[in-house]
Amino acid sequence: MRDFPSCFGENGVQVADSSSSNATKTAQNLVTCVYQCLLHGRSCLITILWSKNLMGQGFSVGINDSENQSLCKVDIKPWLFSKRKGSKSLEANSSKIDIYWDLSSAKFGSGPEPLEGFYVGVVFDCQMVLLLGDLRKEAFKKTNAVPLPSSAIFIAKRENIFGKKVFRTKAQFCDNGQIHDLMIECDTIGVSDPFLVIRVDSKTVMQVKQLRWKFRGNHTIAVDGLAVEVFWDVYNWLFSTTLGNAVFLFKTCLSAEKLWASHPLSDPNVLRDPNVVPWSCSQRFQDSQSQALSFSLILHALKNE
């Protein structure tokens, strides 16, 4: 069994929300997406964090350079988010970065991430560095920006999911990949032999029995013709005295040998914290084909009381 890996960036990118300093707080409904983009021809990471709590919905945009130094960050709090549209101008390395958003017609599911009827755009030097949502024409008209020759690459997603026995979410396993129905079923209460089942589009792709002996592990499945390495850690569900969370990582990579040859070990205690996620991986792929097939999905599964 391989050790539970960490994900992205030679120097690592830590994704955390404002409550990460207090791990005992109830986890929020969070979705974090990481994109690899270009600023002045240099690689950078743009992190979009969507949140939903009792105060309402909000999101933040953070930009880090290739050395993991924060260039700028903006938080759209619930009281600003309620206006549903707006813009912010930031400065990074003496350069102006503009962030535009319009969610006035956005449709949401049970999670914090909009499904359709919206746009979020990041503009640098009159170029659209990152554009999310389906209202592309409206975004370009509002910003007067031009598209970059090379588009941003979706490289990672992290999400908190909730349930009792069954956990469901929508998932894709590569940049611009097909969106699938992902279901994780794990019954650990009142059963003599706990088990774990993972289904993609209602099809069972993985099953783990004797879970008390295999509470951590990895297995390779095939989705969309790609090999996806699945890691799981359900220790908290089986042995913790408190209502802890489980962690599932789905890693798609063009060459697994390249990836595992240089993976650093990660702190399992940090991986189990639903409010702090380290993203680090010492191997980078330079060609666009490899990057397009290198994608990580981290799910923190929290059981409802």
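This note sets out numbered points on the predicted model shown above.

1. Basis of the note. The model is predicted, so local features need pLDDT of at least 70 and side-chain atom pairs count only at pLDDT 80 or more, whereas totals for chains, interfaces and linings use all residues. Residues are numbered from 1 along each chain as its sequence is written, and side-chain values use heavy atoms, with hydrogens and water left out.

2. Overall make-up. The protein contains 22 strands and six helices; these are DSSP runs numbered from the N terminus, with helices being H or I of at least four residues and strands E of at least two. Of its 305 residues, 54% are buried (under 20% relative accessible area; exposed is over 50% and partly exposed lies in between, with a 1.4 Å probe and protein chains only). Among contacts (heavy atoms within 4.5 Å) with a separation of 6 or more, 49% are between residues 24 or more positions apart.

3. Nonpolar cores. A nonpolar core is a set of buried Ala, Val, Leu, Ile, Met, Phe, Trp, Tyr and Cys residues joined through side-chain atoms within 4.5 Å. The largest one has 62 residues, and Tyr35, Ile46, Ile63, Leu130, Leu196, Phe248 and Phe250 have the most contacts inside it. Strand 2 (residues 29-39) gives this core its largest share, five residues. A second, separate core has eight residues, including Tyr119, Met128, Ala139 and Ala145.

4. A buried lysine. Lys251 belongs to strand 20 (residues 245-252). Although Lys251 is buried, it has no salt bridge, and the nearest side chain of opposite charge, Glu229, is 11 Å away. Here Lys and Arg count as positive and Asp and Glu as negative, while His and the chain ends are not counted. The side chain of Lys251 does make a polar contact of 3.0 Å with that of Ser296 (a pair of N or O atoms within 3.5 Å, where within protein one must be able to donate a hydrogen and the other to accept it, and residues adjacent in sequence count only if both atoms are side-chain atoms).

5. Salt bridges. Side chains of opposite charge can pair when their charged atoms come close. Eight salt bridges are found in the whole structure (a side-chain nitrogen of Lys or Arg within 4 Å of a carboxyl oxygen of Asp or Glu). One of them joins Asp102 and Lys85, with the closest N and O atoms 3.9 Å apart. This pair links distant parts of the chain, 17 residues apart: Asp102 is in strand 7 (residues 95-102) and Lys85 in strand 6 (residues 85-92). Asp102 is buried at 14% relative accessible area. Another salt bridge, 3.8 Å from N to O, pairs Lys96 with Asp98; Lys96 is exposed at 51%, whereas Asp98 is buried at 12%.

6. Glu185 and Lys165 form a salt bridge in which the closest N and O atoms are 3.6 Å apart. Glu185 lies in strand 15 (residues 180-187) and Lys165 in the loop between strand 13 (153-163) and strand 14 (166-171), so the pair ties together parts 20 residues apart in sequence. Glu185 is buried at 12% relative accessible area, and Lys165 is partly exposed at 35%. Through shared partners, salt bridges join Lys165, Glu185, Asp187 and Arg199 into one network.
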